[in-house]
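Trainee: I want to check the labels on this model against their cut-offs. Can we go through them one by one?

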Amino acid sequence: MARPEQVLLLEPQHELRFRGPFTDVVATTLKLANPTDRNVCFKVKTTAPRRYCVRPNSGVIDAGTSINVSVMLQPFDYDPNEKSKHKFMVQSLLAPPDMTDTEGVWKDAKPEDLMDSKLRCVFEMPAENEKTHEMESNKIASSLSKSESSTLSMKSMVSLDDGEVKKIMEECKRLQTEVQRLREENKQIRQEDDGLRMRKSTVMSAPHSSPALRVKEEGLSTRVIALIVLFFVVGVIVGKLAL
């Protein structure tokens with residue numbers, strides 16, 4: 001018995017194209033649309049599961065909706081002379097109205113209930129001018145992402161509520177008061193230091209002045225004694241002359 005025709009609409013329908021260079025992960029998108037009035041279960045399979053990462057690789061598409069499946073090709077050494085033999089298959093089946101277990105539905109499904117669509121993989125290397133254009137596009141995208149992140153950071157700063165702003169203002173005032181107090185303490189310490197220096201200079205200058213005074217006093221006493229001796233000698237001579 002022939003299988004029923006696929007109810008899902010695939011975009012693209014027949015090929016998944018991956019554009020190099022393939023030195024990094026290359027991703028493409030597969031859109032699955034459900035135009036029916038019933039939910040549809042789906043699975044995405046590949047002949048090279050180690051070379052691809054598919055998200056989501058299974059699930060349920062509600063009636064009248066669609067989903068995007070991201071297919072990521074892992075890095076590899078590209079050979080332009082080698083044609084790709086990789087293929088993908090999208091399997092689907094109509095979900096029962098009372099479905100509670102998706103895996104159980106797949107296990108109990110009959111072969112004639114399954115629908116499938118196949119796609120082949122195509123690898124493309126861009127031309128030199130396209131490479132330059134892509135590099136410029138990547139630079140622009142990178143700069144845009146940086147500007148968006150800076151804009152988001154600014155928005156997050158602006159989105160501070162009044163309570164947080166008040167706390168920040170109070171903290172600034174407290175820090176200003178603390179700085180003023182430290183300045184006053186520093187000024188007081190300098191004044192005390194100047195006073196100590198003046199006292200020290202006074203104490204150091206006192207011993208230097210006392211020897212000078214002692215020398216002066218000793219010089220005066222020596223002169224007095226010499227005058228007394230001189231008067232005594234003169235008196236003795238005068239006395240002898242009088243006799």
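Trainee: Why is glutamate 15 called buried?

Mentor: Its relative accessible area is 18%. Buried means under 20%, exposed over 50%, and partly exposed in between, with a 1.4 Å probe and protein chains only. Glutamate 15 therefore counts as buried. Keep in mind that this is a predicted model: local features need pLDDT of at least 70, side-chain atom pairs count only at pLDDT 80 or more, and totals for chains, interfaces and linings use all residues. Residues are numbered from 1 along each chain as its sequence is written, and side-chain values use heavy atoms, with hydrogens and water left out.

Trainee: What makes glutamate 15 and arginine 17 a salt bridge?

Mentor: Their side chains meet at 2.8 Å, N to O. The definition asks for a side-chain nitrogen of Lys or Arg within 4 Å of a carboxyl oxygen of Asp or Glu. The pair qualifies as a salt bridge.

Trainee: Which salt bridges does glutamate 124 form with arginine 17 and arginine 19?

Mentor: With arginine 17 the N to O distance is 2.3 Å. That pair links glutamate 124 in strand E9 (residues 115–124) to arginine 17 in strand E2, 107 residues apart. Strands are DSSP runs of at least two residues, numbered from the N terminus. With arginine 19 the closest N and O atoms are 3.3 Å apart. Arginine 19 also lies in strand E2, so this pair ties together parts 105 residues apart in sequence.

Trainee: How do you know that these bridges belong together?

Mentor: Glu15, Arg17, Arg19, Arg120 and Glu124 are linked in a network of salt bridges. The structure holds four salt bridges.

Trainee: What makes strand E2 and strand E6 edge strands?

Mentor: Five strands form an open, mixed sheet in the order E2-E9-E8-E4-E6. Pairing requires at least two DSSP bridges between two strands. Strand E2 (15–19) and strand E6 (58–61) each have a single partner strand, so one side of each is left without a neighbour in the sheet.

Trainee: How do you know that E4 pairs with E8?

Mentor: Seven bridges join strand E4 (residues 40–46) to E8, and the two run antiparallel. Lysine 43 stands opposite glutamine 91 in E8.

Key
Helices (H or I, at least four residues) and strands (E, at least two) are DSSP runs, numbered from the N terminus.
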